[in-house]
Structures are given as C-alpha cells and as structure tokens.
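Dear colleague,

Please find below the structure that I am handing over to you, with its sequence. My notes on what was found in it follow directly after.

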Amino acid sequence: PSPAPARLDLDGNPVAPLTICMIGAGGFIGSHLCEKLMAETAHVVLAVDVYCDKIRHLVDPAPPHLAGRISFHRLNIKNDSRLEGLIKMADLTINLAAICTPADYNTRPLDTIYSNFIDALPVVKYCSENNKRLIHFSTCEVYGKTIGSFLPKDHPLRKEPEFYVLKEDESPCIFGPIVKQRWSYACAKQLIERLIFAEGAENGLEFTIVRPFNWIGPRMDFIPGVDGPSEGVPRVLACFSNNLLRREPLKLVDGGQSQRTFVYIKDAIEAVVLMIENPARANGHIFNVGNPSNEVTVRELAQMMTEVYANVSGEAPLDEPMIDVSSSQFYGEGYDDSDKRIPDMTIINKQLGWNPKTPLKDLLETTLTYQHKTYKEAVKRQMSQASAS
Ligand code: NAD
Ligand code: UDP
C-alpha cells in the first residue's frame, strides 16, 4: 500500500503520526472518527469500548492495509486496570465514552452521573499524571436553557442574539431544579469540564473540550427491536427514522416546539481532526461544534424527514404523519428540555478556521438513504415476526 501523504498543520508544519487512545471508539462519533483517521492520516488508534459493532469493518479483523494502525481493546473503563497502560502508550487520549441519550437522564440518573462524571475521572487523572494531552467530549447541553427562555413568550428581547446565542467563554449554564432529573447529564458534564479546566490551571494538563451541537448521520444510535432493545428510546434522528421505517406517526414531544441546530457528522469530524493535528491552537480551549444555519423546530425536523423519506423510499407519507405526546408519557417524570441551541462559532473559526458545510436537507437525504437501505428489510422481518407471535 502507498504511504499516506504527508499532512501539514494549519501553520504549514508537518504533522507527526500520533498514537491515539480513543475511548468510546465503538460509538456513533467514534466510528466516524476512526474511519476518517484510517482513510486520511497515518495516526495509530487504540480503540477502547465495550462493543465494536460500528467499527467491525475496521477491527474484526483489521483489513490488511490497516495492519498495525488500529487495534480494538474491549474494556469497560469503570473497572479495568488496562486503561492506564493504554493512556500511557498513547500521545493523545480522546474520551467519547458516556451515557448520552436523553431518555436515560431522568430514568437512570445514577448511571448517567456515574458515566459522565465518576467514570471520566480516572481518564483525566491518568492524562494529567502522565503529561498526556486530552480531548474530552462534553455537550452543548452544558448551556442548559437560554436566558431568553425566561422572558414572556412574545417579548422582543427574545429576538436579540445576546439572549440566545451560546458562547463558550461567556454564556452561563442554566439548568432546572434537581427534581427535573433531565439535568443530571448536563450537570455531570459541567463538573467534569470544570475539573479538566482546573487540572489545566493547577497542574498544566493539556486539554481541549468539545461541545457537540446535535451531530447526526449514519450509524447514530439504534433502531429499537432491530439493533437495540425494543423498548429503548434513542435520540431524535433514530426515533423519527424508526417511525418512518415502520410507517407510524412521528411523535412530537410537548408539541415539538424546541429548536435545535443539526450538523452533519462528517463536517463535525473535520473539526475534531483539526483539533487533533493542531494542538497549539486547540489546547486550553472549549469549542462549540455545530451548524448555526441548520436551525429547525422539532416539528419542522419531523416535516422535513417525512418529505425526504418519502422521496428516498418511494412510499407515500401517512395521512397523519405526526402526533403530539406529552413529555411525561414519552420520557416519564423529571424530563425537561433545552429550548434553543445556536452555537457561537467565533472561537472555532478563529483558532481552527473550521466552518460547517452541509445543509440540513442534504444531510437528511444522505442519512435517510442509509437508514432505508440498512434497516427497511430488517424492520419488515421484525414486524412480521412480532405480529405472528
Ligand atoms: P454513543 O453512545 O454512540 O458513543 C459512546 C460510546 O461510549 C459507546 O460506544 C459506548 O459503548 C461507549 N462507552 C460508554 N461507557 C463506556 C465504558 N464505561 N467503557 C467503555 N466504553 C464505554 O454516543 P456519541 O453520539 O458517539 O457521543 C460521544 C460523546 O459525545 C459522548 O460523550 C456524548 O456525551 C458527546 N455528545 C454527542 C452529541 C451528538 O450529537 N452525537 C451531542 C452532545 C454530546
Ligand atoms: N423528540 C421528539 N420526539 C422523539 C424524540 C425526541 O419530539 O421521538 C424531541 C426531544 O423532546 C427534544 C428533541 O427532540 O426536544 C431532541 O431530542 P434528542 O433526544 O435528539 O436530544 P437533545 O437534543 O435533547 O439532547
């Protein structure tokens, strides 16, 4: 095989091949990051996860042209002494491991807090003690609700950017009360961010924190009853895909009025690669990674997905393509929501020159084409088995 072409960083210097310990490499983001690093760089990946279904094509077994470039280490970071050794072997650790599906935040708050705070602690500690660089995945949810959400509904200030745009170094973190256990995730992520920041300030840890704003694309989460539990509730892209595949109405939680900005996973992964290869520009920073141009309400998302899926599958939409459900019916007690998420892009633009590219319509076309191809037959089989039994 021909060697990967020499890569240059943003300042024109050659990038030396790195060994990267990627924790949570078997998940949605990890699988895309592994693919990108294998296809376009010479970096070596030590892929850590409890499962590898989404990277099986890269690791089980590794194809000959990737020999020595990627290895899979099946381990649970909660309780495995091999973790420190892997971090020591690497130049850089990227931690993606987390429980990060909202349906879990209010129903499994203890697991959520342990996963997002306690289990991340040893990773931070080993990086700090061994002088290893850390890229830690946090979330846009650390911003919580916008300041504007506390104003009356038609107040003119709600339209002013300073009442809703989310800025890494300026915006406050605004969560609901403790009984609203939805915020267990955001709060745990906020505390691990503060701990990493403090390790940087007091002990010199070289860190970068990533706040993803609704990254979506192929391989996100699972389709209940096909490659995940029948009763499982994934994030909205997979929930709506599942409804479309089964020809059932899309469920709009509390009217689908919340607003989100969606970014295509492949655009977002380019930002991560820039962070990996430009440490001098990325260290010490917290980065929003999202697409402010792709804002929709959840209701608008449902409409767009219904139209795009009809084109992709050739199946006419249902007469009533959506239904309203209350959040307590859908998620149970203790659910709450972020009202609006517009990322400020100033810092990532200045430090890394990164901009998202893909419009929402285009990324939905690619993603729903993938969902249809990957799942339609399996969903049909599963539905006919379920009706027969
Ligand atoms: P994901 O659930 O697909 O991936 C997480 C991976 O971590 C899974 O493969 C899981 O098996 C693994 N993992 C969890 N606990 C582990 C443990 N104890 N030991 C070993 N492996 C473990 O989620 P994702 O969308 O790829 O998200 C990755 C990170 O990005 C998470 O930290 C999440 O909070 C953050 N994030 C993602 C988004 C998004 O838009 N996708 C938004 C906000 C934040
Ligand atoms: N949502 C919905 N129907 C569903 C799944 C989710 O209306 O079947 C809503 C959810 O209440 C939230 C938004 O979609 O307002 C995005 O949810 P997601 O689980 O993707 O994660 P979040 O962006 O809240 O972290």
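Two helices each supply at least two residues of the shell around ligand 1: helix 1, which spans 28–40, and helix 7, which spans 184–203. Please keep in mind throughout that this is a predicted model. The shell around ligand 1 comprises 25 residues, and the closest of them are F28, D49, N76, Y185 and W215. Sorted by class, this shell holds 15 nonpolar residues, seven polar ones and three charged ones.

Several polar atoms of the protein approach oxygen atoms of ligand 1. In the case of D49, a polar side-chain atom lies 2.6 Å from an oxygen atom of the ligand. I29 takes part through its backbone, with an N or O atom 2.8 Å from an oxygen atom of ligand 1. L96 likewise uses a backbone N or O atom, which lies 3.1 Å from an oxygen atom of ligand 1. Of the 830 Å² that ligand 1 exposes when taken alone, the protein buries 89%.

Helix 1 also contains K36. Is this lysine buried or exposed? Its relative accessibility is 17%, and K36 therefore counts as buried, the limit being under 20%. Between K36 and K189 there are 153 residues in sequence, and the C-alpha atoms of these two lysines are 26 Å apart in space.

I turn next to ligand 2. Around ligand 2 there are 19 residues, of which K251, R260, Y335, D337 and R341 come nearest. By class, the shell around ligand 2 divides into ten nonpolar, two polar and seven charged residues.

Which atoms of the protein make polar contacts with ligand 2? A polar backbone atom of K251 is 2.7 Å from a nitrogen atom of ligand 2. The side chain of Y335 places an N or O atom 2.8 Å from an oxygen atom of the ligand. On its own, ligand 2 has 520 Å² of accessible area, and the protein covers 96% of it. Helix 8 (236–245) and strand 9 (250–253) are the elements that give two or more residues to the shell around ligand 2.

N214 deserves a separate entry. A polar side-chain atom of N214 lies 2.9 Å from an oxygen atom of ligand 2. This asparagine is found in the loop between strand 7 (207–212) and strand 8 (215–216). The phi angle of N214 is near 40°, which is a positive value in a residue other than glycine.

A further loop, the one between strand 8 and helix 8, holds D221. With a relative accessibility of 12%, D221 counts as buried. The side chain of D221 makes a polar contact of 2.8 Å with the side chain of R235.

Two other loops have backbone features to record. N131 lies in the loop between helix 6 (121–129) and strand 5 (133–137). Although N131 is not a glycine, its phi is positive, at about 55°. N131 counts as exposed because its relative accessibility is 67%. In the loop between helix 2 (56–59) and strand 3 (70–74) one finds P61. A cis peptide bond joins D60 and P61, with omega at about -10°.

The aromatic residues come next. A pair of aromatic rings is described by the distance of the centres and the angle of the planes. With ring centres within 6.5 Å as the criterion, the count comes to seven aromatic pairs. One of the pairs is formed by F330 and Y331: the ring centres are 4.8 Å apart and the planes stand at 85°, so this pair is edge-to-face. F330 has 21% relative accessibility and so counts as partly exposed, whereas Y331, with a relative accessible area of 15%, is buried. F330 and Y331 form one aromatic cluster together with Y335, the tyrosine whose side chain also contacts ligand 2.

K340 lies over the face of Y164, and here the distance to the ring centre is 4.6 Å.

With kind regards

Definitions and conventions. Residues numbered from 1 in each chain as written. Chains lettered and ligands numbered in written order. Predicted model: local features only at pLDDT ≥ 70, side-chain atom pairs only at ≥ 80, totals over all residues. Heavy atoms only, no water. Near = heavy atom within 4 Å. Polar contact = N/O pair within 3.5 Å; in protein donor to acceptor, adjacent residues only side chain to side chain. Areas by Shrake-Rupley, 256 points an atom, 1.4 Å probe, with all protein chains shown as cover. Helix = DSSP H or I, 4+ residues; strand = E, 2+ residues; numbered from the N terminus. Nonpolar A, V, L, I, M, F, W, Y, C, P; charged D, E, K, R; others polar. Phe/Tyr/Trp six-rings, centres within 6.5 Å; stacked < 30°, edge-to-face > 60°. Buried < 20%, exposed > 50% of the residue type's maximum accessible area, 1.4 Å probe, protein only. Lys NZ or Arg CZ within 6 Å of the ring centre and 35° of its normal.
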